[in-house]
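Welcome! Here is a friendly briefing to read alongside the structure. Take a look at it first, and then we can go through it together.

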Amino acid sequence: MKLPFGGPKRREKKGRPRSLNEPPLVRGLLTAAALVFILLFLLLPLGIVFAKALAEGWGMYSRSVFEPYALRAIRLTVLTTLIVVPLNLLFGIAAAWAVSKFDFRGKNLLVTAIDLPFSVSPVISGMLFVLLFGAQGLFGPWLLERDIKIVFALPGIVLATLFVTSPLVARELIPLMRSQGSEEEEMAVTLGASGLQTFLKVSIPKMKWGLFYGVILCSARSIGEFGAVSVVSGHIRGLTTTVPLHVEMLYNEYQFTAAFAVASLLTMLALVTLVLKGLIEWRASLRGEGK
Amino acid sequence: MSGRRGVLPGFGLAMGFTLWYLGLLLLIPVGALVLKAATVDPEKFAATITSSRTLAAFRLSFGAALVAACINGVFGLLLAWVLERYDFPLKRLVDGLVDLPFALPTAVAGIALTTLYAGNGWVGRHLAVLGIEVAYTPLGVVAALTFVGLPFVVRTVQPVLRDLPAAIEEASASLGAGRLQTFFRLIFPELLPAAVTGFTLAFARGLGEYGSVIFISGNMPMKTEITPLLIMIKLEEYDYAGATAIALVFLAISFAILLVINALSLRSAHPVRRG
């Protein structure tokens, strides 16, 4: 199952014929109901983040955001994202290339396996790594003897985030590559280009918007991942707390203003993600790229 | 090189890297889960699964995810319809905003919804007057899951609605059918398979959801404790066997339900032939 993120939008022609449209009153009521739903579930949650973040003024806001533990959390999140996104980008490209350019037995199984992390609860995803590397896990005693820390440390956080975000780039690229076909690549190879040349000069430019969008989705999810990281982090303040975990700890300590201040950073990032998504779709529709 | 593979290079490299990566990241951890489950004492396994606390968590997780997916089914169809068919100010902005639950970290959604729907919150205050409590009740779990599942039905139905040939509606109108009749007899059956797909995705997402729920649910055992949280608690108590048992059964039931929904929706799908 692939999520059809609405492609290039065709604008509805103004003035549908009367017989194909609803009476104005019905239209108004339906629109109002839809907008109330949007207000209750999207706009108000968005608004309350900023309202609560600034409830005690800008001074408190900047103190909460630039406080040392918050900065450490930001550093950990950035570090994790910088490790996770390039790895999953490579994986996404390789998986999409294998799946959409070639035929082989067991392809459906492979696609299912690529998608698997999406159908597993983040908590269970994190748990997998606790079972492997936790104190009573499979490799726990072995790691303990050698004083190697995976769970409750950076490697565990990276592994859990990798697992949860691994399908994102592949999922963006597979349908894109399939819809684009490989005629240009075949032509390039037939004309004597090497494999690497073909890939860099033909394939990458063809899929660059899909690639870009996959990276954005993967980054957004890495930065925001909560459940899986929560299991493997151990919540050691300043050491293993990513930004979302920092928000959770502040909130549970009733430091609501600080929690919402840090949360507002994540919210702004989410809004930037949505704007970038809109821009990419717009560019893609202009260029007639299959996305 | 076999004929099927064509002239393109890189199959070995791409496939090799993909399998190596999936093996390390997916196969070994999942293997550890299965191995762990196999070594759990069967009596302990059964006792954990049938304990009233676990059963209550299962009931809440599946029930709340189902209710939230139904809400999203109805409002998702409505939103897709309004966004595709009608014009109103800032429509593009609203359309873009529908993806917010995909982009907003779940923990942020959790604290925002809790503050909003708590008894003294912007919305909760008014609901309290009506005697409705949302935060720290199962209703709160439903609200959080409605938020995280909101984009799915909208985004699966929108493209189908956009590509629906105007001809079938014209034919229906010229044969004397009213709008309501046209909608329920013609348009709705066309949208149904996409809506079911969206419903399934929202349901699946809701089952596993953790971050947005744990703040608003209040996490009272037997009452508002979802299954992922119970797994988390078992892990924190170093009860790996208990956590594994619950996780495995939870995954098995989830996959079984999703398979059934998929099978049913395949059978019911009978789209009108497009010219």
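Is A:S166 buried or exposed? A:S166 is buried, because its relative accessible area is 2%, where buried means under 20% relative accessible area, exposed over 50% and partly exposed in between, with a 1.4 Å probe and protein chains only. This is a predicted model, in which local features need pLDDT of at least 70 and side-chain atom pairs count only at pLDDT 80 or more, while totals for chains, interfaces and linings use all residues. Residues are numbered from 1 along each chain as its sequence is written, chains are lettered from A and ligands numbered from 1 in the order in which they are written, and side-chain values use heavy atoms, with hydrogens and water left out.

**Around A:S166**

- You can find A:S166 in the loop that links α7 (154-165) to α8 (167-180) in chain A; helices (H or I, at least four residues) and strands (E, at least two) are DSSP runs, numbered from the N terminus.
- Apart from neighbours within four places in sequence, A:S166 has contacts with A:N88, A:F91, A:P117 and B:L25, a contact being heavy atoms within 4.5 Å.

**Positive phi angles in chain A**

- Most residues other than glycine have a negative phi.
- A:F152, which is not a glycine, has a positive phi near 65°. A:F152 sits in the loop between α6 (140-145) and α7 of chain A and is partly exposed, at 32% relative accessibility.
- A:H235, also not a glycine, has a positive phi near 50°. The loop between α11 (227-233) and α12 (243-252) of chain A holds A:H235, and its relative accessibility of 24% makes A:H235 partly exposed.

**Where chains A and B meet**

- On the chain A side 101 residues touch 93 residues of chain B.
- About 8700 Å² is buried between the two chains, with carbon and sulfur atoms giving 79% of that area. Buried area is the accessible area (1.4 Å probe) that two parts lose on being put together, summed over both.
- There are 2 salt bridges across the interface, a salt bridge being a side-chain nitrogen of Lys or Arg within 4 Å of a carboxyl oxygen of Asp or Glu.
- B:R179 and A:E22 form a salt bridge, with their closest N and O atoms 2.8 Å apart.
- Helix α1 (residues 24-53) of chain A gives the largest share of the chain A side, 20 residues.
- That side divides into 65 nonpolar, 21 polar and 15 charged residues. Here Ala, Val, Leu, Ile, Met, Phe, Trp, Tyr, Cys and Pro count as nonpolar, Asp, Glu, Lys and Arg as charged, and the others, Gly among them, as polar.

**Chain B as a whole**

- Chain B has 13 helices and 0 strands.
- Its C-alpha atoms fill a box of roughly 75 × 70 × 35 Å along the principal axes.
- Of the 275 residues in chain B, 55% are buried.
- Among chain B contacts between residues at least 6 apart in sequence, 76% join residues at least 24 apart.

**Helix α12 of chain B**

- In helix α12 (residues 227-236) of chain B, 8 of the 10 residues are buried, leaving the helix mostly covered.
- Those buried in α12(B) include B:T227, B:P228, B:L229 and B:K234.
- After α12(B) comes B:Y238, with a positive phi near 60°.
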